[in-house]
Amino acid sequence: MSDLKSCPSVDLEEFVDNILKKYPAKVAKKRKDHILVRKEEDPARESIQANNRTVPGIITQRGCCYAGCKGVVLGPVGDMVHITHGPIGCGFYAWLTRRNLFKPGEDGKNYSTYCFSTDMQEQDIIFGGEKKLKQAIKEAWETFKPNAISVHATCPVGLIGDDVQAVAREAEAELGVKVLAFNCEGYKGVSQSAGHHIANNKLFNETVGTKDEAIPGYSVNILGEYNIGGDAWEIERILEKCGIKIAATFSGDGKYDSMTSSHMASLNLIMCYRSINYLAEMMETKYGIPWAKVNFIGVKAMSKSLRKIARFFEDPELTRRIEEVIKEEEESVEQKLAPYRERLQGKTAMLFVGGSRAHHYQDLLRDLGMEPVAAGYEFAHRDDYEGSHIAGKIKVDADSRNIEELKVEPDPEKYSPRVSPEKKKELEQESVLGHYHGMIPDMPPGTLVVDDISHLELEELIKTLKPDIILSGIKDKYVIEKFNVPSKQIHNYDYSGPFAGYKGAVNFARDIDMMINNPAWKLAVPPFEKKPLLSADLGTD
Amino acid sequence: MSDLKSCPSVDLEEFVDNILKKYPAKVAKKRKDHILVRKEEDPARESIQANNRTVPGIITQRGCCYAGCKGVVLGPVGDMVHITHGPIGCGFYAWLTRRNLFKPGEDGKNYSTYCFSTDMQEQDIIFGGEKKLKQAIKEAWETFKPNAISVHATCPVGLIGDDVQAVAREAEAELGVKVLAFNCEGYKGVSQSAGHHIANNKLFNETVGTKDEAIPGYSVNILGEYNIGGDAWEIERILEKCGIKIAATFSGDGKYDSMTSSHMASLNLIMCYRSINYLAEMMETKYGIPWAKVNFIGVKAMSKSLRKIARFFEDPELTRRIEEVIKEEEESVEQKLAPYRERLQGKTAMLFVGGSRAHHYQDLLRDLGMEPVAAGYEFAHRDDYEGSHIAGKIKVDADSRNIEELKVEPDPEKYSPRVSPEKKKELEQESVLGHYHGMIPDMPPGTLVVDDISHLELEELIKTLKPDIILSGIKDKYVIEKFNVPSKQIHNYDYSGPFAGYKGAVNFARDIDMMINNPAWKLAVPPFEKKPLLSADLGTD
Amino acid sequence: MLDHTPAEVTSRKALRVNPAKTCQPIGAMYAALGIHRCLPHSHGSQGCCSYHRSHLTRHFKEPVMASTSSFTEGASVFGGSPNLRQSLKTIFQAYDPDVVAVHTTCLSETIGDDIPTIVKKAEDDGIVPRGKKVIHASTPSYVGSHVTGFSNMVKGIASYFTHPAEHKIKDQINVLPGYVEPADMRKIKSMVSEMGLKQLVFPDTSDVLDTPKTGEYSMYPKGGIKMQELEQTGNSLHTIAMGHFSSLEAATYMDQKAGVPFTLCDIPIGVQATDRFVQAVMDATGASPTQAMLDDRGRLVDMMTDYQHYLYGKKVALWGDPDQIISMAEFMVSMGMQPVYVLTGTPGKAFEKRMKKILNDTVPNAVFGHSQDLFYLHQLIKQEPVDLLVGNTYGKYIARAEDIPFVRFGFPILDRTGHSYFPSVGYKGGMHFLSAMINTLLERMDRDSPDECFELVL
Amino acid sequence: MLDHTPAEVTSRKALRVNPAKTCQPIGAMYAALGIHRCLPHSHGSQGCCSYHRSHLTRHFKEPVMASTSSFTEGASVFGGSPNLRQSLKTIFQAYDPDVVAVHTTCLSETIGDDIPTIVKKAEDDGIVPRGKKVIHASTPSYVGSHVTGFSNMVKGIASYFTHPAEHKIKDQINVLPGYVEPADMRKIKSMVSEMGLKQLVFPDTSDVLDTPKTGEYSMYPKGGIKMQELEQTGNSLHTIAMGHFSSLEAATYMDQKAGVPFTLCDIPIGVQATDRFVQAVMDATGASPTQAMLDDRGRLVDMMTDYQHYLYGKKVALWGDPDQIISMAEFMVSMGMQPVYVLTGTPGKAFEKRMKKILNDTVPNAVFGHSQDLFYLHQLIKQEPVDLLVGNTYGKYIARAEDIPFVRFGFPILDRTGHSYFPSVGYKGGMHFLSAMINTLLERMDRDSPDECFELVL
C-alpha cells in the first residue's frame with residue numbers, strides 16, 4: 001500500500017530508499033525519520049520527526065531564529081520601529097520582503113517601508129555594541145516617534161555579550177516609549193521556529209495585557225495571520241459581515257496598541273499554529289481566553305472555521321448571521337470556481353513550505369478538485385504533523401532547550417474564563433477549542449510527508465512523481481519551474497492575493513489555473529529536436 | 001571682399017564655383033542665380049533668384065502646395081475639421097507633425113489630434129471622388145460638429161477633375177456649417193508657397209469679414225504666427241501685459257470664429273511675411289487695416305516690434321506701458337542670457353529654413369553674440385530676401401501664374417481706414433507700416449545667401465565653412481549632426497520652445513548652449529585612432 | 001484628449017479618421033534604402049518625397065536621402081518624362097549612386113507615366129552611366145498601404161536583379177526580412193550567419209538607418225545589399241520570405257523567374273514564429289541552429305513563465321502592419337495574453353484568415369480586421385477597455401485619453417528611442433519586447449497600487 | 001509614502017535607516033556562483049544562506065544554489081569546525097560539486113573559526129574527494145559591504161587557483177569583470193573575444209544565473225569559469241581588473257603571486273569607461289577593437305546627441321555600488337547630465353576621490369559620499385528635488401513619495417525584468433541603459449504635459 005496514490009507505478013518506499021542512498025549513511029539515517037510514507041489507515045499510528053537540527057551541508061529551505069522573530073512575528077506590526085541590532089545584512093534582507101501589508105491607523109504611523117539597523121562595524125564587535133544600540137534607539141525615537149520600538153539581536157550580539165534587555169529597559173525608562181528587546185540571535189534553535197517562540201514570550205510578557213480596554217460584542221483575536229497579500233483584510237471583511245469584531249491580529253496589519261489590550265477579547269483564533277500557539281496557550285492560562293484552531297484558507301475550511309466561532313459564542317442570532325454569510329459567500333464563490341475546477345480536477349500538487357501553510361492549502365486545493373500527493377513543513381514541530389495532543393509528549397532536544405518556556409499562571413486580577421468549565425470541555429471534545437489535528441490525518445495513505453525537505457529530495461520528487469504543481473517558496477520556485485513544473489509561492493503568493501477567505505479562494509484558483517494551463521510551458525522544449533539536425537543535402541541541381 | 005567674414009581663408013566665390021561644378025552645366029547655371037555671395041556695402045545693390053522650380057533630382061528641403069495650405073496655414077485652426085481629399089498619405093503625414101499647439105476655447109471643440117481623410121482608393125480615382133467627399137463631409141459633421149470644415153485637394157484630385165468647390169458649396173448649404181475647399185494640389189506652384197497663397201485667398205474670401213463684431217481697445221491681428229512650441233502664447237502674454245488685445249491669430253492656436261471678425265481689428269502684425277502677406281495686403285485694401293511687419297524672435301526684435309505698435313497707436317499711456325514692459329522684460333531676460341552669451345559669443349551659425357525664420361532667428365542669434373555667416377530660405381520669394389518694395393517688380397513665371405491673384409477693392413460698407421492718409425504715409429516712411437526690409441540688408445558682406453539649398457550644397461558648406469551650429473529642419477538635422485555639427489530645428493524647435501518673445505529668447509539660448517557645449521560631441525571620434533592599432537608584441541617573458 | 005470620439009460605432013462609408021496605415025511610396029522608399037549606394041527617387045511632386053523623408057527621419061533619427069521629380073503643374077499636364085530624365089541626369093552627376101530606385105506616386109500614376117519606357121529611353125540616351133542601374137516600382141498611393149509599397153519595391157528589386165541561374169549554391173539562401181527595423185534585419189542576418197549559411201538579404205537597412213556618429217558623414221553608408229550581391233540571388237538554393245504582405249510577391253517572382261523555391265514564414269516575432277523561421281532554414285539547407293540560439297530561446301521561454309502572473313489574461317489592443325501584428329498576436333497568445341482587438345489599416349483578407357486561426361480558439365471574442373483605423377479602435381476600447389496598448393506612436397492619444405499603459409511597436413515610432421537599435425525578432429528580440437511589455441505592466445501596477453499594497457518585490 | 005522622513009538632516013551616529021548596501025557574504029556567494037560546478041557554502045547559521053539565496057533569487061528569478069553550516073547554539077559556543085566538516089561530507093556526496101567556496105559570516109568570524117585549518121584537516125582526513133577543491137574567503141558581515149565580500153571571494157579564487165608561471169601566453173588575458181550582471185559578463189567576454197583574445201574571466205555568472213528553460217534542470221549549469229581554466233590564470237599575459245572595489249584585490253594578488261601585471265579599469269559603463277577598457281586591452285595585448293565595436297560606439301554617441309534635449313542638464317540622484325556608480329556618473333556627465341547626489345552605502349574613501357575628479361568641475365554642487373543610506377538621500381531630495389532617480393529597487397519608495405521618474409540600475413533589482421539579460425556595459429550596453437533613461441524621461445514628460453502640449457513627435 002505504499003504506491004503513490006495518484007501514480008500507482010511508483011513504489012514510494014523504494015523511492016524513498018533510493019533517495020536516502022544518495023546521502024552519507026549517517027545523514028540518511030537522520031533524514032529517514034523525517035520522511036513518512038503514509039500507509040496506515042489510522043493516521044494516529046503514523047509519526048514523523050520534526051524540529052531537529054538540519055544536517056550541515058544539506059540544502060535546506062530553513063532560515064534562522066531572527067527571521068522567525070523579526071521577520072515573521074514582529075515585522076508586520078507597522079506602527080513600531082523595529083531595530084535590528086547587528087551587522088547590516090539581517091536588517092536589509094528582512095526589509096519589506098515578507099509582504100505583510102500594512103495600512104496605518106488614524107495616527108498615520110507607518111514604519112513598514114523603513115529599515116532600521118545599528119549596522120555594526122568591526123569596532124562594535126570588538127568593543128561591544130550596547131552604546132551604539134542605546135544611541136540608535138534614541139535617534140529612532142527622536143526622529144520617528146513610533147508607538148513602540150523593538151530591538152532584535154543578531155548572531156554576533158549574543159556572542160559578544162551585549163545586554164540588549166538592559167539597554168531596552170534603560171531606553172524605555174529614559175525615552176518613555178515601550179522598547180521590546182528580543183534575543184533572537186540567528187543560531188538559536190534549528191529554524192525560524194525558535195524566533196516565533198521568543199517573539200511570543202516577549203509579546204506575552206510585555207505587550208499583551210498592558211492596557212485594559214473593554215472590547216464590546218463578539219470579539220476575537222486572530223493569531224498567526226500575517227496579512228500576506230491582504231489575507232487579513234479579506235478575513236476581516238467576512239468576520240465583520242458576520243458581526244464579529246477582531247480585537248487584535250497577531251500580527252498582520254498589526255497595531256501595537258491593539259495588542260496591548262488583546263487579552264480582553266473573548267476568543268483566540270489560531271491560523272498559523274506553529275508560530276503562535278505559545279501565545280494562545282499562555283493567554284488561556286493567564287487570562288482565561290480559550291483558543292480555537294481555524295483555517296481561513298479554502299472555501300469549506302473558511303465556512304467550517306466560521307461555524308466553530310458560532311458554536312463557541314452559541315448565540316442564535318450570530319449563528320443565523322454566520323450561516324447567512326456562509327450561504328451567500330459560498331454561492332457567489334462556487335459560481336466563480338466551477339470553471340477553474342473543471343480545468344484543475346485531478347491535478348496533483350505538492351506542498352513544501354512553512355509551518356502551517358503546507359496543511360492549510362490542502363483544503364483549498366481539494367476545493368478545486370486537486371490532489372495533494374506530498375507535503376511537508378519547513379520549520380514545524382511534530383504536533384503540526386500529528387496534532388496538538390502530542391505537544392506535551394515531544395522530547396525537547398539540546399537545540400530547543402535553550403528557548404525559554406515561560407511559567408504562566410492565572411492572573412490574579414485579570415483572569416476570567418470565557419466559558420464554563422463544562423462547556424469548555426464539551427467544545428474541546430468537539431475539537432472546537434484547544435485542538436489542532438495536524439497535517440497527517442488529512443494526508444491519505446499513498447501520499448508522502450517530508451519534513452524539512454532538502455534540495456536533493458525535492459529534485460527526486462519532481463523527477464519521479466511529476467506533480468502538476470508545487471506550492472513552495474522563493475528558493476525552490478525557479479528550480480521547480482526549470483523542470484517545467486509550475487511552482488506557486490505560498491509565502492509571498494507570487495505577489496498576488498489575498499488567498500484567504502472566499503474571495504481569496506477565487507484568486508488562488510485563478511492563479512493556479514493560469515500557472516498549470518499557461519500555454520508557455522509547452523514551448524520549453526525546442527521543436528527542432530524532433531527533427532534531425534542535419535537533413536539530406538538538397539544538392540545544387 | 002568675398003572671403004567668409006568669420007573665416008577669411010575661404011574665398012567664397014571660388015567656393016561657390018567649386019560647388020556648382022558638381023552639377024550638370026544647365027543645373028549649375030540655374031543654381032548660380034540662387035546663391036549670393038554678399039559683397040556690396042549697399043545691400044540694395046544685391047539681388048537673388050527665388051521661388052523658381054527646383055531642378056528635378058536635386059535633393060531639396062521643399063515640400064508641396066498641400067503642405068503650405070493644409071499643413072501650414074489651415075492646420076493650426078483646431079476647432080475645425082480639416083479633411084484631406086486624396087489617398088491616405090498626405091493626410092497621414094500632416095497629422096500632428098507641425099507642432100502648432102492648440103488649446104480649445106470655451107466650447108471645448110478640439111480636432112487638432114484627429115486626422116481626417118477620404119482615403120481615396122483606386123475606384124475613386126477611376127470613377128471620381130466627389131460623392132465620397134460629400135459623404136465624408138457629412139460624416140465629419142454628424143460625428144464631430146466642428147465650428148467649420150475645410151477640404152484640401154491632393155495631387156490626383158485636380159487631375160481627375162473632382163469639383164471640390166462645388167461639393168463644398170453643396171455640403172455647406174445642406175449641413176449648415178461653413179465648408180472651405182482648397183484646390184491645393186501638391187503639384188501647384190514650386191513649393192509650399194503656392195499653398196500659402198491659396199489658403200490666404202480662401203480665408204480672405206470666405207472667412208475674414210463674415211462676422212462683424214466690434215473689438216474694443218488696442219486690437220491687433222497676428223498674421224503668420226503658428227504657435228510652434230507655444231510661441232503665440234508667449235507673444236500673447238507680452239501684448240496683453242502691454243494692454244494690447246489680440247483679435248485673431250492666423251493661425252496659431254487658431255479659432256475659426258475669431259478669424260471671421262478679424263477685419264474689425266485696428267492693425268495687422270505680420271510675423272511670417274512669406275506665408276501671409278497676401279491676406280494682409282487684401283485686408284488693407286478691402287477693410288483699411290494697415291499692416292506692420294514685426295519680428296517677435298529675439299529680445300531686441302521683440303522690443304522693436306512693440307515700439308512699432310506704440311508708434312502706430314500713438315497713445316502716451318500705451319506707449320508708457322509698452323516702455324515699462326520692455327524695460328522690465330529686457331532686464332529680467334538680460335540676467336538670464338548673460339551666462340549663455342559668454343559661452344556663445346562669436347560662434348558662427350547658418351540658417352536654412354522656411355520662408356521667414358531664417359531671417360527672424362538672425363536677430364536672436366545676434367542677441368547671443370553669435371554670427372550668422374550663411375542663410376537662405378526654403379520657399380521664399382525675392383521680396384523675402386530683398387524687401388517688400390520689390391514685390392511688385394518680380395517677374396511671375398509659369399509655375400506661379402496659375403495661383404490666383406484676387407482682385408480686391410475697398411468694401412463699400414466695411415472699409416474704414418485706421419489712420420489718416422498723412423499719418424499712414426509718415427508711418428510707411430518710417431518703415432512702421434507696409435514695409436518689410438528683407439533678409440539681405442541684415443547679412444553683411446562676407447556672408448552667403450543660398451536660396452532653396454540642396455543637399456549637395458549643404459554638405460559642402462559644412463565641410464568648408466565649419467559652422468558651430470546650423471538652424472534647419474528635420475530632413476537636414478541628422479545629416480548635419482553626423483558631421484558633429486549641432487543642428488537646431490527651427491520648424492519644430494526640437495520639441496522645445498517657446499522661442500518667441502522674452503522668455504522664448506532664454507529658452508533658445510539655453511537650447512543653443514546645450515547643443516554647442518554638450519560634451520557628448522567630443523566623444524564622436526574614437527580615441528583609439530590616435531594610437532597604433534597594433535602595438536609592439538609584449539612577449540611572453 | 002480625443003474628447004470627440006463617441007463610444008458608439010456608427011457606420012462610416014467615406015471618412016477615414018486617424019488612419020492605421022500610410023501610403024505606398026514611403027514603404028518603397030524604405031525598401032530602396034536597403035540597397036547599398038541606392039538613392040530612392042520619388043516620381044511625383046515634391047511634397048511626397050519631403051513627407052516621406054521627414055517621417056522616416058522622425059522614426060529613425062537618421063539622415064534619409066531621397067530625390068524627387070519635383071512635378072509642377074506643367075508636368076502634371078504633359079507627363080513626367082522630362083522630369084525623370086532631368087532627375088537622373090542631376091542625380092548621377094551630383095550624387096553618384098549605384099542604383100536609383102524610382103517609385104511612383106498617385107500623381108504620376110494618375111497621369112500614367114510609363115517608367116520602364118522612360119528609363120529605357122534614358123539609358124539609351126546615355127543618361128544612366130554605365131554600370132549604374134535604375135530600377136522601379138509602381139506604387140500608387142490609392143492602392144494598398146505603405147506595406148504594399150514596400151512589397152512592390154522588394155519585388156521591383158527582384159525583378160531588376162534576379163536572373164535565372166542553372167547553378168545553385170547550396171549554402172546560400174535569399175532572405176526577405178519583410179518590413180522590419182534595421183535591428184531586426186541585423187538580427188535575422190546574424191541568426192542565419194550563425195547557422196553557417198551565406199545569405200543575400202534584401203532589403204537590408206542595417207548600417208544604413210542606424211549609422212554610428214563618428215564626425216564623418218557619408219551619403220551612402222556601408223549597409224545595404226550590394227548590386228553585385230543582388231545579381232547572385234538567382235543562384236540561391238532557396239528563399240526565406242518573411243511576411244505574406246511584405247515578402248510574398250518578391251519570393252514568388254524569384255521562384256517563377258529564377259527557379260528559387262521559397263518558404264513563406266511569418267516575421268519571426270515570438271517563440272513560435274522564430275521556431276518556424278529556424279525550421280524553414282533547417283529544412284531548406286540542412287543547417288542547424290546553434291546552442292547559443294537555443295539558449296536565447298530558453299531564456300525567452302523562461303521570461304514568459306517567470307512573469308506569467310503579470311501577463312496571463314491581460315487584454316491587449318494591438319494594431320499596426322499586418323505581418324508584424326500577426327506574429328505579435330501569436331506571441332501574446334502563446335503566453336496566455338488576450339489580444340482582444342487586433343487591427344491593421346492595410347487592406348488584405350489574408351490578415352483575417354491568419355488572425356482567425358490564431359485567435360478563434362484562444363480569444364473567441366476578439367475583434368480583428370483589416371482596413372481599419374484608430375478611431376474605430378478607440379471606440380472599441382471605450383466600449384470595453386483593455387489592459388495594454390501595443391502599436392505605433394499614434395496610439396499615445398488613446399493611451400492618454402483612456403489611461404491605458406502603452407508599449408510602442410511597429411511603424412512609425414516617433415516619440416521613444418530604441419526601436420531601430422534593439423530587435424523584436426528572434427529569440428533575443430522576443431526577450432527585448434517582452435521585457436518592455438512586462439516592465440510597462442509592472443510600472444502601471446505600481447502606479448495603481450494604493451500605498452499599503454505598493455510592493456518591493458514583484 | 002515614507003511620510004516620516006523629515007527634510008531636515010539631523011546627525012545620526014548610530015542608526016542606519018534604509019541602507020544602501022548589504023553584507024559581505026551575499027557578494028561572496030554571488031562571486032562563487034561564477035565558477036563552474038561550484039557550490040557556495042555559507043559558514044554560519046542557516047538564516048544567512050537562506051536570506052542570500054532568497055535575495056539573489058528575487059534579483060535573478062533563477063535557481064540559486066548554496067549550502068550552509070547550519071550553526072546552532074552549540075556550534076556558536078564550541079566552534080563551527082564539526083559543522084564545516086559535516087557540511088563537506090554531505091555536500092560532496094549529495095551534491096557532487098567540483099568546488100566548494102566557503103565564505104564566513106559575522107557569526108563564524110566572531111567565534112574565530114579558522115577555515116583554512118579546518119579545510120586542510122578535512123582534506124587530510126579524506127573528506128574532500130580527490131580532484132575537488134574547497135576554497136574560502138573571509139567575509140565578516142560587520143566589515144565593508146556585499147561589494148567587499150564579492151572582492152574577497154574573487155581574491156579567494158585567485159589565491160587558491162592562480163599559480164606562478166614562467167610561461168605567459170601572449171594572447172591570453174585574465175578579466176575580472178567586477179560585481180556586474182551575467183549579461184555584463186557575457187558582453188565583456190564577447191568584446192574581448194571579438195578582439196581575438198583568449199580570456200579567463202572570473203567570476204563569470206553568465207549561463208549560471210540566466211539559464212534557459214528547456215524542461216530540464218541542472219544544479220550546475222554550463223556557465224562559470226572551470227577549475228582547469230582558473231589553474232591557467234598565472235599563465236596570462238595580463239589582467240584587466242574592473243572596479244577598484246570589486247577587482248583590485250584579486251588583480252594585485254595575481255600580480256604579486258604570479259607576476260601577472262594588471263590594468264585597473266572602471267566597469268565599462270558609458271563611452272569613456274568602455275574606451276579605457278578597450279584601450280587597456282589594446283595596450284596589454286596589441287589587439288584592436290573590431291569595426292562592429294566601433295560602430296556600436298558610434299551608435300551610442302549618436303543616441304547621446306540625438307536625445308540631448310531630454311538629457312542635458314537633468315538632475316539625477318544616483319546610488320548603488322561604488323564601481324558601478326563611478327562609471328555611471330561619468331557616463332551621465334559625458335552627456336551633460338547632472339548627477340547631483342551620488343551615494344554609496346559601501347565604505348571606502350577611494351569612491352570620493354573618484355567622484356571628486358568626475359564631478360568637481362562639472363557639477364560643482366554635487367553631494368557625494370560613501371557609507372551613506374537612502375534615508376539621507378531622500379532628505380537631500382526633499383531639500384532640492386531631482387529629475388531622475390537611478391539606483392536599485394529600494395529607490396521605488398522615494399520615487400513614489402516624491403513623484404520622480406526612476407530607472408532601475410544596480411543591485412538588487414527585485415521588481416522589474418531585463419537587468420540580468422541586457423548589459424549596461426560596453427557600447428551596446430550603454431545604448432541599452434541610455435534608451436531606458438531616455439524613454440523614462442520621455443514617458444514622464446508626456447505624463448506631465450498638459451493636453452495642449454502633449455506631442456506626437458519627440
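## Exercises on chain contacts and local geometry

UniProt places the feature "domain: Nitrogenase/oxidoreductase component" (unreviewed entry) at residues 23-441 of chain C; such positions follow the numbering used here, feature names are shortened, and annotations may be inferred rather than shown by experiment. This is a predicted model, in which local features need pLDDT of at least 70 and side-chain atom pairs count only at pLDDT 80 or more, while totals for chains, interfaces and linings use all residues. Residues are numbered from 1 along each chain as its sequence is written, chains are lettered from A and ligands numbered from 1 in the order in which they are written, and side-chain values use heavy atoms, with hydrogens and water left out.

**Exercise 1. Describe the annotated stretch of chain C.**

Step 1: take residues 23-441 of chain C, which are 47% helix and 15% strand. Here helices (H or I, at least four residues) and strands (E, at least two) are DSSP runs, numbered from the N terminus.
Step 2: look at the ends, where the C-alpha atoms are 33 Å apart.

**Exercise 2. Work out how chain B meets chain C.**

Step 1: count residues in contact (heavy atoms within 4.5 Å). Chain B brings 79 residues and chain C brings 74 residues.
Step 2: turn to area. The size of an interface is often given as the accessible area lost when the parts come together. With a 1.4 Å probe and the loss summed over both parts, chains B and C bury about 6,600 Å², 64% of it on carbon and sulfur atoms.
Step 3: look for salt bridges, meaning a side-chain nitrogen of Lys or Arg within 4 Å of a carboxyl oxygen of Asp or Glu. The rule finds 3 across this interface, and Lys482(B) with Glu62(C) forms a salt bridge at 2.9 Å, N to O.
Step 4: see which elements of chain B take part. Those giving two or more residues include helix H3 (65-74), strand S5 (116-117) and helix H20 (474-482), but H6(B) gives the most, with 7 residues.
Step 5: sort the chain B side by class.
Step 6: check the strands, which pair if DSSP finds at least two bridges between them. S5(B) is joined by 2 bridges to the antiparallel strand S1 (residues 16-17) of chain C, where Arg16(C) is the bridge partner of Ser117(B).

**Exercise 3. Repeat the analysis for chain D and chain C.**

Step 1: the contact takes 53 residues from each of chain D and chain C.
Step 2: about 4,900 Å² is buried, with carbon and sulfur atoms giving 51%.
Step 3: there are 18 salt bridges, one of them between Arg408(D) and Asp446(C), with the closest N and O atoms 3.9 Å apart.
Step 4: on the chain D side, helices H12 (291-306), H17 (396-402) and H18 (426-448) each supply at least two residues. By class, this side has 19 nonpolar, 11 polar and 23 charged residues.

How values were computed
Buried area is the accessible area (1.4 Å probe) that two parts lose on being put together, summed over both. Ala, Val, Leu, Ile, Met, Phe, Trp, Tyr, Cys and Pro count as nonpolar, Asp, Glu, Lys and Arg as charged, and the others, Gly among them, as polar.
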